[in-house]
Amino acid sequence: MREVNHRVANSLALVASLARLQSSGLENETARRAIEGMLGRITAIAGVHRRLYTSADVRFVQMDAYLLNLAEELQSAMAAEERRHDIRVEAEPIRIPTDKAVSIGVIVTELVMNAYKYAYPGGGEGDIRVRFGRAGDKILLVVEDDGVGVKRSAGPQGTGLGGRIVQAMAANLNAATEIDPKHTGTRVTVCFTL
């Protein structure tokens with residue numbers, strides 16, 4: 001299994017490299033953003049496989065280390081796109097089954113990328129925070145920023161694909177998602193049981 005995960009991670013890294021090459025040659029902003037989004041999703045999934053081939057138990061992913069690494073990769077990718085916001089991660093060392101870790105990684109990627117795109121328009125400064133831990137018998141994932149916030153009546157700011165992906169991944173977790181209307185900026189909470 002370690003060898004399989006190593007090969008999958010390497011294959012995903014190759015796909016990401018090819019997509020980056022394709023993206024760099026595009027003049028169409030919409031197409032370039034679509035490839036950017038796909039790169040983030042590939043990064044999230046590849047990160048799980050990298051964790052698995054270095055783990056003693058391939059059935060689980062240690063979420064604190066995984067989320068810290070994912071945040072570093074996302075921050076580096078966004079810095080290359082001239083978007084500079086710190087991603088701060090507070091995560092408990094909880095072991096999560098692999099399939100759930102993939103869903104969590106994709107959710108975090110989508111929400112962080114949305115914050116990079118929309119939270120701080122016009123070059124505004126601010127950070128993006130990711131928290132992951134236990135809340136009683138539940139697991140709580142929170143991604144938040146202090147930016148301009150989400151106006152529910154306005155509909156999605158982009159194509160809406162990111163929101164649909166978050167909902168699909170939350171369904172994989174049997175999770176409830178909630179946007180906090182009282183938070184300055186945007187705060188999305190995903191709550192599920194193991």
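1. In this predicted model, Ile 179 has Val 188 of strand S7 as its bridge partner. Strand S6 (176-179) and strand S7 (residues 186-192) pair in the antiparallel sense, over 4 bridges, where helices (H or I, at least four residues) and strands (E, at least two) are DSSP runs numbered from the N terminus, and two strands count as paired if DSSP finds at least two bridges between them.

2. The pair belongs to an open sheet of 5 strands, which has mixed pairing and the order S2-S4-S5-S7-S6. S2 and S6 are the edge strands, each pairing on one side only, and the twist from one strand to the next averages 10°, with axes taken as lines fitted to C-alpha atoms (for helices over the stretch in contact) and angles running from 0 to 180 degrees between N-to-C directions. In general, the strands of a sheet pair through backbone hydrogen bonds, either parallel or antiparallel.

3. Thr 186 lies in strand S7, and this residue counts as buried because its relative accessibility is 14%, the classes being buried under 20% relative accessible area, exposed over 50% and partly exposed in between (1.4 Å probe, protein chains only). Not counting residues up to four places away in sequence, Thr 186 touches Val 143, Glu 144, Asp 145, Gly 149 and Val 150, contact meaning heavy atoms within 4.5 Å.

4. Leu 194 is found in the segment after S7. Leaving aside neighbours within four places in sequence, Leu 194 is in contact with Ile 94, Arg 95, Ile 96, Pro 97, Lys 100, Arg 134 and Ile 139. The C-alpha atoms of Leu 194 and Leu 173 are separated by 8.4 Å, the two residues being 21 apart along the chain.

5. For the protein chain as a whole, there are 5 helices and 7 strands, running from the N terminus on as α-α-β-α-β-β-α-β-β-α-β-β. Of its 194 residues, 43% count as buried, and among contacts between residues at least 6 apart in sequence, 72% join residues at least 24 apart.

6. The structure holds 1 cavity of 30 Å³ or more, and the largest cavity has a volume of about 40 Å³. On a 1 Å grid over the protein atoms alone, a cavity is a set of points where a 1.4 Å probe fits but cannot get out, while a pocket is an open set with protein on both sides within 12 Å along at least five of seven lines, and lining residues have an atom within 4 Å of a point. Grid points are joined across faces, edges and corners, and a volume is the space filled by probe spheres set on the points. Helix H3 (63-80), strand S2 (87-91) and helix H4 (98-118) each supply at least two residues of this cavity's lining, H3 giving the most, with 4 residues. The lining comprises 9 nonpolar, no polar and no charged residues, among them Leu 67, Ile 87 and Val 108.

7. The second largest pocket contains about 370 Å³ of space and is lined by 21 residues, of which Ala 16, Arg 20, Leu 39, Thr 43 and Ala 77 lie nearest its centre. Helix H1 (2-24), helix H2 (29-53) and H3 each supply at least two lining residues, with H2 giving the most, at 8 residues. By class, this lining has 11 nonpolar, 4 polar and 6 charged residues, where Ala, Val, Leu, Ile, Met, Phe, Trp, Tyr, Cys and Pro count as nonpolar, Asp, Glu, Lys and Arg as charged, and the others, Gly among them, as polar.

8. Residues are numbered from 1 along each chain as its sequence is written, and side-chain values use heavy atoms, with hydrogens and water left out. As this is a predicted model, local features need pLDDT of at least 70 and side-chain atom pairs count only at pLDDT 80 or more, whereas totals for chains, interfaces and linings use all residues.
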